[in-house]
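Hi there,

Here is the structure I promised to pass on.

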Amino acid sequence: MKKGTLKQILLITDGCSNQGEDPVAMAALAKEQGITVNVIGVLDRYDSEDGRGLQEVEAIAQAGGGISQIVQTRQLAQTVQMVTKQAMTQTIKGVINQQLQDILGESGTVEDLPPEKRGKVMEVVDELGETADLHVCILVDTSASMKNKLPTVREALTDLSLSLSARMGENQFCLLLFPGKRKSVQKVISWTPQLDSIERTFDKISSHGVTPTGPAIKEALRSFESVSRKTAIYEDEHEAYDDGPR
(Lines give C-alpha, C1' and ligand atoms only; values in the text may rest on other atoms or scores of the structure.)
Protein backbone atom coordinates (compact mmCIF):
# COMPACT_ATOMS: atom_id res chain seq x y z
CA MET A 1 0.00 0.00 0.00
CA LYS A 2 1.51 3.31 -1.04
CA LYS A 3 1.64 6.24 1.34
CA GLY A 4 -0.90 8.45 -0.44
CA THR A 5 -2.89 11.37 0.97
CA LEU A 6 -5.69 11.17 3.54
CA LYS A 7 -8.40 13.72 2.75
CA GLN A 8 -10.85 14.84 5.42
CA ILE A 9 -13.57 17.42 5.82
CA LEU A 10 -13.99 18.36 9.49
CA LEU A 11 -17.39 19.95 10.03
CA ILE A 12 -18.09 21.72 13.33
CA THR A 13 -21.73 22.72 13.71
CA ASP A 14 -24.76 22.65 15.96
CA GLY A 15 -26.84 21.17 13.15
CA CYS A 16 -30.11 22.13 11.46
CA SER A 17 -28.89 23.45 8.09
CA ASN A 18 -31.51 25.67 6.48
CA GLN A 19 -30.11 27.04 3.22
CA GLY A 20 -28.83 25.61 -0.06
CA GLU A 21 -28.02 22.04 -1.09
CA ASP A 22 -28.78 18.98 1.04
CA PRO A 23 -25.68 18.47 3.24
CA VAL A 24 -26.21 14.69 3.34
CA ALA A 25 -26.14 14.50 -0.46
CA MET A 26 -23.01 16.68 -0.55
CA ALA A 27 -21.33 14.42 2.02
CA ALA A 28 -22.13 11.36 -0.13
CA LEU A 29 -20.54 13.14 -3.10
CA ALA A 30 -17.42 13.82 -1.02
CA LYS A 31 -17.17 10.12 -0.12
CA GLU A 32 -17.36 9.22 -3.82
CA GLN A 33 -14.37 11.50 -4.39
CA GLY A 34 -12.32 9.78 -1.65
CA ILE A 35 -12.88 12.50 0.95
CA THR A 36 -14.08 11.51 4.44
CA VAL A 37 -16.61 13.81 6.12
CA ASN A 38 -16.36 13.93 9.93
CA VAL A 39 -18.86 15.92 11.96
CA ILE A 40 -18.57 17.31 15.48
CA GLY A 41 -21.93 18.46 16.78
CA VAL A 42 -21.64 21.13 19.47
CA LEU A 43 -25.17 20.55 20.72
CA ASP A 44 -25.30 21.69 24.33
CA ARG A 45 -29.10 21.49 24.40
CA TYR A 46 -29.84 18.91 21.68
CA ASP A 47 -31.50 16.51 24.11
CA SER A 48 -34.09 19.11 25.14
CA GLU A 49 -34.94 20.11 21.57
CA ASP A 50 -36.54 18.14 18.73
CA GLY A 51 -33.40 16.13 17.95
CA ARG A 52 -33.11 17.45 14.39
CA GLY A 53 -29.56 18.73 14.90
CA LEU A 54 -28.39 15.37 16.26
CA GLN A 55 -30.02 13.46 13.38
CA GLU A 56 -28.39 15.74 10.81
CA VAL A 57 -24.92 15.42 12.37
CA GLU A 58 -25.15 11.62 12.29
CA ALA A 59 -26.63 11.48 8.77
CA ILE A 60 -23.91 13.72 7.28
CA ALA A 61 -21.10 11.66 8.83
CA GLN A 62 -22.69 8.36 7.77
CA ALA A 63 -23.12 9.55 4.17
CA GLY A 64 -19.56 10.88 4.16
CA GLY A 65 -18.03 7.66 5.48
CA GLY A 66 -16.76 9.44 8.57
CA ILE A 67 -17.22 9.77 12.32
CA SER A 68 -19.81 11.83 14.19
CA GLN A 69 -19.37 12.97 17.76
CA ILE A 70 -21.68 15.04 19.97
CA VAL A 71 -19.89 17.18 22.55
CA GLN A 72 -20.42 19.81 25.15
CA THR A 73 -18.46 22.97 24.36
CA ARG A 74 -15.91 22.39 27.12
CA GLN A 75 -14.95 18.99 25.62
CA LEU A 76 -14.39 20.33 22.12
CA ALA A 77 -10.58 20.62 22.04
CA GLN A 78 -9.84 16.98 22.86
CA THR A 79 -12.71 15.79 20.65
CA VAL A 80 -11.41 17.57 17.53
CA GLN A 81 -8.05 15.82 17.87
CA MET A 82 -9.64 12.45 18.66
CA VAL A 83 -12.07 12.52 15.71
CA THR A 84 -9.35 13.57 13.26
CA LYS A 85 -7.02 10.76 14.33
CA GLN A 86 -9.78 8.13 14.55
CA ALA A 87 -10.90 9.04 11.04
CA MET A 88 -7.33 8.62 9.76
CA THR A 89 -7.17 5.12 11.24
CA GLN A 90 -10.63 4.25 9.91
CA THR A 91 -9.72 5.40 6.39
CA ILE A 92 -6.45 3.43 6.33
CA LYS A 93 -8.18 0.30 7.68
CA GLY A 94 -10.83 0.69 4.98
CA VAL A 95 -8.17 0.73 2.26
CA ILE A 96 -6.39 -2.28 3.76
CA ASN A 97 -9.69 -4.18 4.10
CA GLN A 98 -10.43 -3.50 0.43
CA GLN A 99 -7.04 -4.89 -0.53
CA LEU A 100 -7.60 -7.97 1.69
CA GLN A 101 -10.96 -8.58 0.01
CA ASP A 102 -9.28 -8.43 -3.40
CA ILE A 103 -6.89 -11.15 -2.19
CA LEU A 104 -9.08 -13.26 0.12
CA GLY A 105 -12.57 -12.64 -1.27
CA GLU A 106 -15.56 -10.85 0.26
CA SER A 107 -14.99 -12.22 3.78
CA GLY A 108 -11.44 -10.91 4.14
CA THR A 109 -11.03 -8.07 6.66
CA VAL A 110 -8.44 -7.11 9.26
CA GLU A 111 -10.69 -8.57 12.00
CA ASP A 112 -10.72 -11.97 10.25
CA LEU A 113 -6.93 -12.36 10.36
CA PRO A 114 -5.20 -14.51 13.02
CA PRO A 115 -4.11 -12.42 16.05
CA GLU A 116 -0.42 -12.33 15.06
CA LYS A 117 -1.11 -11.15 11.51
CA ARG A 118 -3.78 -8.73 12.72
CA GLY A 119 -1.20 -7.15 15.05
CA LYS A 120 1.24 -6.67 12.16
CA VAL A 121 -1.47 -5.06 10.01
CA MET A 122 -2.36 -2.64 12.82
CA GLU A 123 1.33 -1.70 13.06
CA VAL A 124 1.14 -0.75 9.38
CA VAL A 125 -2.06 1.24 10.07
CA ASP A 126 -0.32 3.15 12.88
CA GLU A 127 2.74 3.81 10.74
CA LEU A 128 0.69 5.11 7.84
CA GLY A 129 -1.23 7.31 10.26
CA GLU A 130 2.08 9.00 11.09
CA THR A 131 3.60 9.11 7.59
CA ALA A 132 0.71 9.64 5.15
CA ASP A 133 0.04 13.19 4.00
CA LEU A 134 -3.08 14.66 5.61
CA HIS A 135 -5.29 17.32 4.03
CA VAL A 136 -8.08 18.63 6.29
CA CYS A 137 -10.63 21.19 5.12
CA ILE A 138 -12.27 22.60 8.26
CA LEU A 139 -15.82 23.94 8.03
CA VAL A 140 -17.03 26.03 10.95
CA ASP A 141 -20.68 26.94 11.43
CA THR A 142 -20.85 30.66 12.31
CA SER A 143 -24.64 30.92 12.48
CA ALA A 144 -26.14 32.97 15.31
CA SER A 145 -26.57 29.97 17.63
CA MET A 146 -22.81 29.24 17.45
CA LYS A 147 -21.71 32.72 18.59
CA ASN A 148 -20.78 31.84 22.19
CA LYS A 149 -19.05 28.61 21.12
CA LEU A 150 -16.63 30.15 18.61
CA PRO A 151 -13.84 31.06 21.10
CA THR A 152 -13.69 27.37 22.11
CA VAL A 153 -13.69 26.32 18.43
CA ARG A 154 -10.69 28.59 17.85
CA GLU A 155 -8.77 27.03 20.74
CA ALA A 156 -9.66 23.51 19.58
CA LEU A 157 -8.37 24.13 16.05
CA THR A 158 -5.15 25.67 17.33
CA ASP A 159 -4.64 22.58 19.50
CA LEU A 160 -5.33 20.35 16.49
CA SER A 161 -2.65 22.06 14.42
CA LEU A 162 -0.13 21.71 17.26
CA SER A 163 -1.00 18.08 18.02
CA LEU A 164 -0.52 17.03 14.39
CA SER A 165 2.70 18.99 13.86
CA ALA A 166 4.82 16.10 15.18
CA ARG A 167 3.64 13.76 12.41
CA MET A 168 6.16 12.78 9.73
CA GLY A 169 3.59 13.20 6.97
CA GLU A 170 2.74 16.60 5.52
CA ASN A 171 -0.27 18.38 7.04
CA GLN A 172 -2.31 20.85 5.02
CA PHE A 173 -5.29 22.73 6.42
CA CYS A 174 -7.80 25.19 5.02
CA LEU A 175 -10.61 26.94 6.90
CA LEU A 176 -14.05 27.85 5.61
CA LEU A 177 -16.77 29.64 7.55
CA PHE A 178 -20.48 29.44 6.82
CA PRO A 179 -22.19 31.78 6.48
CA GLY A 180 -19.50 34.28 5.46
CA LYS A 181 -19.75 38.05 5.64
CA ARG A 182 -20.99 38.54 2.07
CA LYS A 183 -21.44 34.99 0.77
CA SER A 184 -22.97 31.80 2.09
CA VAL A 185 -19.46 30.31 2.42
CA GLN A 186 -16.18 32.19 2.97
CA LYS A 187 -12.67 30.77 2.76
CA VAL A 188 -10.67 32.59 5.42
CA ILE A 189 -7.47 30.50 5.46
CA SER A 190 -6.16 28.92 2.24
CA TRP A 191 -4.21 25.65 2.29
CA THR A 192 -1.36 25.94 4.77
CA PRO A 193 0.75 23.56 6.93
CA GLN A 194 -0.15 25.40 10.16
CA LEU A 195 -3.18 27.19 11.50
CA ASP A 196 -1.10 29.90 13.18
CA SER A 197 -3.27 32.71 11.74
CA ILE A 198 -6.46 31.30 13.22
CA GLU A 199 -6.65 33.67 16.19
CA ARG A 200 -6.63 36.75 13.97
CA THR A 201 -9.27 35.13 11.77
CA PHE A 202 -11.69 34.38 14.58
CA ASP A 203 -11.40 37.87 16.03
CA LYS A 204 -13.14 39.20 12.90
CA ILE A 205 -16.01 36.71 12.76
CA SER A 206 -19.57 37.99 12.91
CA SER A 207 -22.37 35.47 13.42
CA HIS A 208 -25.50 35.31 11.26
CA GLY A 209 -28.79 33.48 11.38
CA VAL A 210 -28.65 31.02 8.46
CA THR A 211 -26.83 27.66 8.32
CA PRO A 212 -25.77 26.79 4.72
CA THR A 213 -24.08 23.46 5.53
CA GLY A 214 -24.64 21.89 2.10
CA PRO A 215 -23.01 24.78 0.20
CA ALA A 216 -20.10 24.69 2.68
CA ILE A 217 -19.36 21.01 1.92
CA LYS A 218 -19.69 21.74 -1.81
CA GLU A 219 -17.14 24.58 -1.51
CA ALA A 220 -14.81 22.29 0.44
CA LEU A 221 -14.82 19.85 -2.50
CA ARG A 222 -13.71 22.70 -4.78
CA SER A 223 -10.89 23.47 -2.36
CA PHE A 224 -9.64 19.89 -2.57
CA GLU A 225 -9.59 20.16 -6.36
CA SER A 226 -7.38 23.25 -6.11
CA VAL A 227 -4.88 21.69 -3.67
CA SER A 228 -4.73 18.51 -5.80
CA ARG A 229 -3.82 20.60 -8.86
CA LYS A 230 -1.09 22.42 -6.92
CA THR A 231 0.31 19.12 -5.63
CA ALA A 232 0.33 17.63 -9.13
CA ILE A 233 2.16 20.65 -10.55
CA TYR A 234 4.71 20.52 -7.71
CA GLU A 235 5.33 16.80 -8.25
CA ASP A 236 5.68 17.24 -12.03
CA GLU A 237 8.25 20.00 -11.54
CA HIS A 238 10.11 17.85 -8.98
CA GLU A 239 10.22 14.87 -11.36
CA ALA A 240 11.45 17.08 -14.20
CA TYR A 241 14.21 18.41 -11.94
CA ASP A 242 15.18 14.93 -10.71
CA ASP A 243 15.30 13.52 -14.26
CA GLY A 244 17.24 16.45 -15.65
CA PRO A 245 20.96 16.59 -16.45
CA ARG A 246 23.29 15.98 -13.53
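Just after α1, Gly34 adopts a positive phi of about 80 degrees. Please keep in mind that this is a predicted model.

Staying with that helix for a moment, α1 covers residues 23-32, and its buried members are Pro23, Met26, Ala27 and Ala30. Viewed down the axis of α1, these buried residues fall within an arc of 100 degrees, so they line one face of the helix. At the N-terminal end, α1 is capped by Asp22, with a side-chain oxygen 3.0 Å from the backbone nitrogen of Val24.

Next, the strands. Strand β4 spans residues 133-141, and nine of its nine residues are buried, so the strand is largely enclosed by the rest of the structure.

Strand β1 (residues 5-13) pairs with β4 in the parallel sense over eight bridges, and Thr5 has Asp133 as its bridge partner in β4. Strand β5 (residues 171-178) runs parallel to β4 as well, joined to it by eight bridges. Here the bridge partner of Val140 is Leu177 in β5. To get from β4 to β5, the chain passes through helix α5 (residues 150-164), and this β-α-β crossover is right-handed.

- Glu155 belongs to helix α5. Its relative accessibility is 47%, so Glu155 counts as partly exposed. Glu155 and Glu199 are 44 residues apart in sequence, while their C-alpha atoms are 8.3 Å apart in space.
- Ser223 belongs to helix α7, which covers residues 213-242. Is Ser223 buried or exposed? With a relative accessibility of 1%, Ser223 counts as buried, because the cut-off for that is under 20%. Leaving aside residues up to four places away in sequence, Ser223 touches Cys174, Leu176, Lys187 and Trp191.

Best wishes

Terms used:
Residues numbered from 1 in each chain as written. Predicted model: local features only at pLDDT ≥ 70, side-chain atom pairs only at ≥ 80, totals over all residues. Heavy atoms only, no water. Buried < 20%, exposed > 50% of the residue type's maximum accessible area, 1.4 Å probe, protein only. Helix = DSSP H or I, 4+ residues; strand = E, 2+ residues; numbered from the N terminus. Pairing = 2+ DSSP bridges. Right-handed = clockwise from strand over helix to strand, strands pointing away. Contact = heavy atoms within 4.5 Å. Arc of directions from axis to C-beta. Polar contact = N/O pair within 3.5 Å; in protein donor to acceptor, adjacent residues only side chain to side chain.
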